[in-house]
Amino acid sequence: RFAVITTRKLGKAFIRNRCRRLLRECFRLHQHAFSAPVEMVLIARASIVGQSYVQVEHDYLRLLNEAGLIQ
């Protein structure tokens, strides 16, 4: 299971929606890499605003690797 939380501090609705879409796409493409079933809640921070998909994906995979959730 997976959820994304965005707050109004990030910006207007179209900015929050883009942040949600980026994080959901990262999860969708890499959900098969998890070593065990997970329940994950991601909270989008201001640093994600304006980043490209490649940057977001790189950070996402790095953090999952550091947490030991993927190999």
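## Aromatic cluster

Rings of Phe, Tyr and Trp (its six-membered ring) pair if their centres lie within 6.5 Å; planes under 30 degrees apart are called stacked, over 60 edge-to-face, and the rest tilted. This is a predicted model, where local features need pLDDT of at least 70 and side-chain atom pairs count only at pLDDT 80 or more, while totals for chains, interfaces and linings use all residues. Residues are numbered from 1 along each chain as its sequence is written, and side-chain values use heavy atoms, with hydrogens and water left out.

Ring pairs tie Phe2, Phe27 and Phe34 into a cluster. The count by this rule is two aromatic pairs. Phe2 and Phe27 make a stacked pair, with 4.2 Å from centre to centre and 10 degrees between the planes. This pair links distant parts of the chain. Phe2 sits in strand β1 (residues 2-5) and Phe27 in helix α1 (residues 13-30), 25 residues apart. Helices (H or I, at least four residues) and strands (E, at least two) are DSSP runs, numbered from the N terminus. Phe27 also pairs with Phe34. That pair is tilted, at 6.0 Å centre to centre and 40 degrees between the planes.

## Burial of the rings

Buried means under 20% relative accessible area, exposed means over 50%, and partly exposed lies in between (1.4 Å probe, protein chains only). Phe27 has 13% relative accessibility, so Phe27 counts as buried. Phe34 is buried too.

## Leu29 and Glu57

Leu29 belongs to helix α1. Its relative accessibility is 34%, so Leu29 counts as partly exposed. Leu29 and Glu57 stand 28 residues apart in sequence. In space, 9.7 Å separates them, C-alpha to C-alpha.

## The largest pocket

A pocket is an open set of points on a 1 Å grid over the protein atoms alone, where a 1.4 Å probe fits, with protein on both sides within 12 Å along at least five of seven lines; lining residues have an atom within 4 Å of a point.

How many residues line the largest pocket? The lining has 17 residues, and Leu23, Leu42, Asp59, Tyr60 and Leu63 lie nearest the centre. β2 (40-43) and α2 (53-67) each give at least two lining residues. The largest share, seven residues, comes from α2. By type, the lining holds 12 nonpolar residues (Ala, Val, Leu, Ile, Met, Phe, Trp, Tyr, Cys and Pro), three charged (Asp, Glu, Lys and Arg) and two polar (the others, Gly among them).
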